[in-house]
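Have the structure open as you read.

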Amino acid sequence: SLGFTEGEAEGNRLLGAFYAMTDNTDSAIFYHKKSLQLFNSIDDKRGIAVASAAVGSSYAISDQFEYAIGYFITSLRAFEEMNNYSAVGIMYSNVGNLYLEQKLFDDALSNYERSIESFKKTENLISLANTYGNMSIALRELGRVEESLEYIELGLENAREYNNLRSIGFLTESAGNTYLDMKQYERARTYFSEAKNVYEQIGSVRQLVQLNVSFARVEYELKNLSNARSLLLATIPEFEKPNINLNRLHSDALELLSIIETEI
């Protein structure tokens, strides 16, 4: 009502951030786009960069990569023009994540390396934890397991220094997946349990659903078919709830349940 467009744009951005943190992706996209439109109307460069990144993140969460990457690149270039190395580091990491999701692991690693270089030009080292974690995933997928574990440890050291619970959860989950791939099932279960404790603390329902499928995989590999089956039967209905957005994992869970039913 004051005609204060910058404030209106920022208010919409924060609404979008709230909905993103509560896993309401459609509403997050709506408010972030409204924010971007308003920042564009007043040619606010920083606002455009931040809002573009937010729209891209919301699309990425819902696996709409073709939309996400365009918004990420727009944001990245804008932050580079402003010499905002912290934001540049975040955006290179985000682009790397898109390549990671599409199994383009070498491209992902290249962007993560640029992300780390940018972060090290700043004092904002808290975001390094997630980049290290994502690098570990790309390295694991490329068969470079020992390097993968080294980056997980670097990430955990950083996350614990800043008491970054979300990153601790993500990294311990990643460690569990690495040990699962290495067929060290008890060690995998230990890391998954630590991740579960963290996700319960911060109330991340989406991550808890994901972890339950990981626990089921461990039980399956240990030939505890009944336990694995029970976990999947309890978890699969959770995928139908609003804002979970784990379609590929839902498919994987159903496939694993089908295998277990056949073996039983």
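Start with the largest nonpolar core, which has 34 residues; Leu-100, Leu-171, Leu-180, Ala-188, Phe-192 and Val-218 are the ones that touch the most other members. A nonpolar core here is a set of buried Ala, Val, Leu, Ile, Met, Phe, Trp, Tyr and Cys residues joined through side-chain atoms within 4.5 Å. Buried means under 20% relative accessible area, exposed means over 50%, and partly exposed is in between (1.4 Å probe, protein chains only). Two or more residues of this core come from each of α6 (105-119), α7 (128-141), α8 (145-161), α9, α10 (185-202) and α11. Those helix names follow DSSP runs numbered from the N terminus (helices are H or I with at least four residues, strands are E with at least two). There's also a second, separate core of 25 residues, and Leu-38, Ala-49, Phe-72 and Leu-76 are among them.

Before going further, a word on the model: it is predicted, so local features need pLDDT of at least 70 and side-chain atom pairs count only at pLDDT 80 or more, while totals for chains, interfaces and linings use all residues. Residues are numbered from 1 along each chain as its sequence is written, and side-chain values use heavy atoms, with hydrogens and water left out.

Back to Leu-100. Setting aside neighbours within four places in sequence, Leu-100 is in contact (heavy atoms within 4.5 Å) with Phe-105, Ala-108, Tyr-112, Asn-134, Ile-137 and Ala-138.

Now for the aromatic rings. Searching the whole structure turns up eight aromatic pairs. Rings of Phe, Tyr and Trp (its six-membered ring) pair if their centres lie within 6.5 Å; planes under 30 degrees apart count as stacked, over 60 as edge-to-face and the rest as tilted. Take Phe-18 and Tyr-19: their ring centres are 5.2 Å apart and their planes sit at 70°, so this pair is edge-to-face. Phe-18 is partly exposed, at 47% relative accessibility, and Tyr-19 is partly exposed too, with a relative accessible area of 22%. Phe-192 and Phe-215 also make an edge-to-face pair, because their centres are 5.9 Å apart and their planes are at 65°. That pair links distant parts of the chain, with Phe-192 in helix α10 and Phe-215 in helix α11, 23 residues apart. Both Phe-192 and Phe-215 are buried. Elsewhere, ring pairs link Phe-18, Tyr-19, Phe-30 and Tyr-31 into a cluster.

On a 1 Å grid over the protein atoms alone, a cavity is a set of points where a 1.4 Å probe fits but cannot get out, and a pocket is an open set with protein on both sides within 12 Å along at least five of seven lines; lining residues have an atom within 4 Å of a point. Grid points are joined across faces, edges and corners, and a volume is the space filled by probe spheres set on the points. Tyr-19 shows up again in the lining of the largest cavity, along with Ala-20, Asp-23, Asn-24, Thr-25, Ala-28, Ser-58 and Ile-61.

Finally, the second largest pocket has about 170 Å³ of space. Its lining is made up of Leu-180, Asp-181, Lys-183, Tyr-185, Arg-217, Tyr-220, Glu-221 and Leu-256. Helix α11 gives the most to that lining, with three residues.
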